Amino acid sequence: MITAEQRAEFRKHFRYNVNQRLVKDRIVKAVVFACVVIAIIPLGSILFEVFKNGSAALSIEFLTQIPGAIGTGEGGVGPAIQGTLLIIGTSSLVGVPIGVLSGIFLSEFGDNRYSKTIRFFNDVMAEFPSIVIGIFAFLIIVLVLGNFSIWAGTFALSIIMLPIIARTTEESLKLVPITYREAGFALGIKRWAIIMHIVVSSAKSGLITGIMLAVARIAGETAPLIMTILGSSQFFAGFNGPIDALPLRIWRLSLLPYDSAQAQGWGAAVVLILIVLSINIAVRFIFLRKRGRGLQIKYQRRGQK
Amino acid sequence: MRAVRLKKSSLDTDKIFKIGTSVAAAYILAIIVLIVFELVTGSFPVWKEEGFSFLTGSDWNAVEDRESFGAVPYIFGTLVTAGLAMLMGVPVSMGIAMFLSELAPKFIRTPLSFVIELLAAVPSVIYGLWGLFVFRLYFKDWIEAPLHNMFGDSIWFFSGTPFGLDIFTASVILAIMIIPTISSISREIMLAVPNSQREAAYMLGATKWEVFKMAVIPYSKSGLIGASILGLGRAVGETMAVTMLIGNATGPAALPQSLFKAGQTMSSIIANEFNEASPAGLHIHALIGIGLILFLVALAINIVAHLLVARVLKAHEGAVQA
């Protein structure tokens, strides 16, 4: 039997212990909340400063004209906007088909050693230093053709897109229930037709998400463009010549010691951030759930292996 | 009729499709092999000229006839900035992931994780612009100057006059940039922990923190390590923001001696000097050589990450199978 004293003793310790644990819990919660605030301040500050400093520079002239003489603050970033849109287009033409096809391969034929190797290197390439890819494109295209060109930029950026698209394609195809495929087989449909017409079309939104995220990623890439498209102050003049891009222009403007150049840099930053964030926001609002589920299932699968 | 037609088609479309997709998948392998080949041949002159001293020297002189190149300061610069960024970024990221998966009420979760992921979408050059014209000025006055005044004499890495364009600023920007990567993946991993694990801990009377410590962390440890290493990969390869903030020292001056001194990383020296280097001289080959080292470091980080995750997973196999 427990005596009254023992019970009192136990209660004292128990209460003490509980209080201590609750205090600890509160402290942790406060620290965690502080972490969230720490992370949000930069985003708020970046958006605020970019729009505050950049909106003054925005005008029709700024968006369409070629850059004026250095330091005058005249002209605009027309070639940079054109170049960024152009190179997104050409890189997607190369990167999307290859990326989607390799995603299909990884998901549908992907349980052997060969595909494990490819999946591994896709993961490795996904967070790879993009400047190294820029050097590669310089060596293999710029040096061979003899001049900086859109081809080289397209080649570099398509390599950056590829692993992102391949991974998201694989993940969203794996979300399609096996029963869909079985239903196709039961109808005697060929495997390639099942994959293209049933599996890929039911995973369409996941595919588009991956493609748009890849586009948003390359729209902001700067490093590989330095040694491929070089930058230019003129509009498009053929694929075998240099062209400007928004990130490159921002970088070059930020290095100039003139206030007017900085103002133009902020203006270009507004345009770039609007392009990138609107793609991201569109993706999240249209396809938000699919992507979240995809990642979640991927890691669940990992955990169970 | 129909059966006959099926037999007649001699073309095996399935096989063609499979081969087609596997060729597309092989493209990435071919690219990696080509990258290694091109970087090795492209940097060959510098290895021939400098030999092993390219890896051990710290000179950086591109003047004709006095050319001398050593990669040590930039290798150290990359390791130091990425390491500091991890030191600051990982705890904060884990806190955010914990808040988003365990503590936040439902109506905050979705918008907040969306906001955090937007941080990952902001282009690196815009981080650089913001860091250069906004963050640096506040950081110099409010953080670096007080630290220098308090510890400048006693602790070596706080010596040197704070200017804002230094290793410390670059590391903090890097930390800000890797937080969204690490925290959004960590959140997904924590959400993948089955609720039965949490409920079991709650049933024993655990507080939120104890649930996190006892149920969530052990279950998701391997994934969290993987998420952190992905962040490290991003920190090592990050170019533009660092280039704009690290001060771009070259030669022996770029060796990291104090947090408040200008430095240089492997990626930033390539970005800074690639267009100035003449293809005829040794300079460009030295930069390609640094690219090769960066490639190998990034490859090593990623491979170690995968092996580590695989090992931790193996150790956990029995416990995880619920």
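**Figure 1. A salt bridge between chain B and chain A.** In this predicted model, the count between chain B and chain A is 1 salt bridge. A:Arg21 and B:Glu210 form a salt bridge through their side chains, at 2.7 Å from N to O. That separation falls within the 4 Å limit for a salt bridge.

**Figure 2. Polar contacts and make-up of the chain B side.** Across the interface of chain B and chain A, 9 residue pairs are in polar contact, with both residues at pLDDT 80 or more. Helix 2 of chain B, residues 13–42, gives the largest share of the side that touches chain A: 18 residues. By class, that side of chain B holds 60 nonpolar, 19 polar and 10 charged residues.

**Figure 3. Extent of the interface between chain B and chain A.** Contact involves 89 residues of chain B and 89 residues of chain A. About 8,100 Å² is buried between the two chains. Carbon and sulfur atoms give 79% of that area. Three residues stand out on chain B: B:Phe17, B:Ile28 and B:Trp130. Together they supply 8% of the area that chain B buries against chain A, more than any other three residues.

**Figure 4. Helix 3 and helix 11 of chain A.** Helix 3 spans residues 78–108 of chain A, and helix 11 spans residues 246–255 of chain A. Their axes come within 8 Å and cross at roughly 140°. From helix 3 of chain A, A:Ala80, A:Ile81 and A:Thr84 make the contact. Helix 11 of chain A meets them with A:Leu246, A:Pro247 and A:Arg249. The contact has 4 nonpolar residues, 1 polar and 1 charged.

Methods. Residues are numbered from 1 along each chain as its sequence is written. Chains are lettered from A and ligands numbered from 1 in the order in which they are written. This is a predicted model: local features need pLDDT of at least 70, side-chain atom pairs count only at pLDDT 80 or more; totals for chains, interfaces and linings use all residues. Side-chain values use heavy atoms; hydrogens and water are left out. Axes are lines fitted to C-alpha atoms, for helices over the stretch in contact, and angles run from 0 to 180 degrees between N-to-C directions. Helices (H or I, at least four residues) and strands (E, at least two) are DSSP runs, numbered from the N terminus. Contact means heavy atoms within 4.5 Å. Ala, Val, Leu, Ile, Met, Phe, Trp, Tyr, Cys and Pro count as nonpolar, Asp, Glu, Lys and Arg as charged, and the others, Gly among them, as polar. Buried area is the accessible area (1.4 Å probe) that two parts lose on being put together, summed over both. A polar contact is a pair of N or O atoms within 3.5 Å; within protein, one must be able to donate a hydrogen and the other to accept it, and residues adjacent in sequence count only if both atoms are side-chain atoms.
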